[in-house]
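Student: Hi! I'm new to this one. Could you walk me through it?
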Amino acid sequence: MGNFTILDAGQTAAALPFVELVDALRIGFASGCQLPQRHHHTMARDGEADATLLLMPAWTNPAEVEQYLGVKLVTVVPGNAKRGLPGLVSTYMLYNGQTGEQLALMDGNTITGRRTVATSALAAAYLARPDSTKLLVAGAGRVGSLIPDAYRAVLPIEDVAIWDANPEVSHRLARSVSESGLQAYVVEDLETEVRNADIISTATLATEPFIRGEWLTPGTHVDLIGGFTPKMREADDAVVTRSQLYVDTAEALHEAGDLVQPIHAGLIGESHVLSTLADLCRADEFVRRDSQSITCFKAVGSGLADLVAAKLVHARSRDG
Ligand SMILES: NC(=O)c1ccc[n+]([C@@H]2O[C@H](COP(=O)([O-])OP(=O)(O)OC[C@H]3O[C@@H](n4cnc5c(N)ncnc54)[C@H](O)[C@@H]3O)[C@@H](O)[C@H]2O)c1
């Protein structure tokens, strides 16, 4: 199998430093790639909930000099909860897109987590005030715990306020962020911290909004990572109506409750979204109009970002 490499979670993460990943995503979003519809297979189980296999392929455009093909494979087994095993396992397989030869197999959760927060940091580099120092992180799980490191790769972050439904999880992240050299503390009053923040980044599984538009101070940037179905909400209608609004991809308009619900209620039209991340990267210009605007970026995730991250892992592991 030639130079086929296998990278576990630690090796995958080590090959994805945020400065390099944000740069690679900027180039990747500007050039785009081929993204067929993802495959969703339901597998019936005896005596427990159905399991699911998701296959998410992506490949480079024919004009690219180097051709790659990648597939993210995700198994979702709800019955694993009572076995004490993780309910979701994700693997990324990268191939040479010209020849179809395998190049590398890597940890899919790590790819997803790091490309997600790096995508948000990339958007913030175009949208947030360049003097943003105060970051509020809401949701300190697998994705949320990576937010401070990604943001400090692009902005002069100094203070990180952390809010999670589970206080133990908040304290754990506050400790590790402090150890990394930033000021970090657990939020006691969410409204006060929302008013105080330069950037608010959310990565929860919430179905009811917890960030209120009326709390936002002029100049704030809001980054909504968590909600990925029409029923999920992290921000209320006023966050969206008060903001200059941007999305990672157009799918966000149909998948994310934070946008779907105010659109259905007639509060905003689709044209309230000013542009996608691909447009921002192609123009490659800072787009915030002034220091008083409120900006908002809503992401639902993209197979393009997975492919970009996997290519970077492969390049860095190959080059030693
Ligand atoms: N936009 C993207 O590209 C993208 C990519 C990956 C994951 N996500 C989404 O990000 C979210 C977080 O994913 P994860 O893997 O970190 O999950 P996780 O389960 O590891 O962490 C979620 C955290 O949010 C907290 N939480 C849940 N509901 C809450 C609520 N109502 N209020 C406050 N805190 C709450 C939990 O206590 C937990 O610590 C999920 O919705 C996931 O689908 C988005």
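Tutor: Happy to! One term to start: a residue is buried if 20 or more other C-beta atoms (placed from the backbone) lie within 10 Å of its own, exposed if 12 or fewer, and partly exposed in between. Helices (H or I, at least four residues) and strands (E, at least two) are DSSP runs, numbered from the N terminus. This is a predicted model, where local features need pLDDT of at least 70, side-chain atom pairs count only at pLDDT 80 or more, and totals for chains, interfaces and linings use all residues. Residues are numbered from 1 along each chain as its sequence is written.

Student: Great. Which residues of H5 are buried?
Tutor: In H5 they are Ser 170, Leu 173, Ala 174 and Val 177. Seen down the axis of H5, these buried residues fall within an arc of 105 degrees (taken from the directions from the helix axis to the C-beta atoms), so they line one face of the helix.

Student: And which residues are exposed on the other side of H5?
Tutor: Glu 168 and Glu 179 are exposed there.

Student: What covers the buried residues of H5?
Tutor: The cover includes helix H4 (147-152), strand S8 (159-163) and strand S9 (183-186). Contact here means C-beta atoms, placed from the backbone, within 7 Å.

Student: What comes just after H5?
Tutor: Gly 181, which takes a positive phi of about 100 degrees.

Student: New topic: at roughly what angle do the axes of H3 and H11 cross?
Tutor: The axes of H3 (residues 108-127) and H11 (residues 303-318) cross at roughly 110 degrees and come within 9 Å. Axes are lines fitted to C-alpha atoms, for helices over the stretch in contact, with angles from 0 to 180 degrees between N-to-C directions. That makes H3 roughly perpendicular to H11, a label for 65 to 115 degrees.

Methods. Contact = placed C-beta atoms within 7 Å. Parallel < 35°, antiparallel > 145°, perpendicular 65-115°, else oblique.
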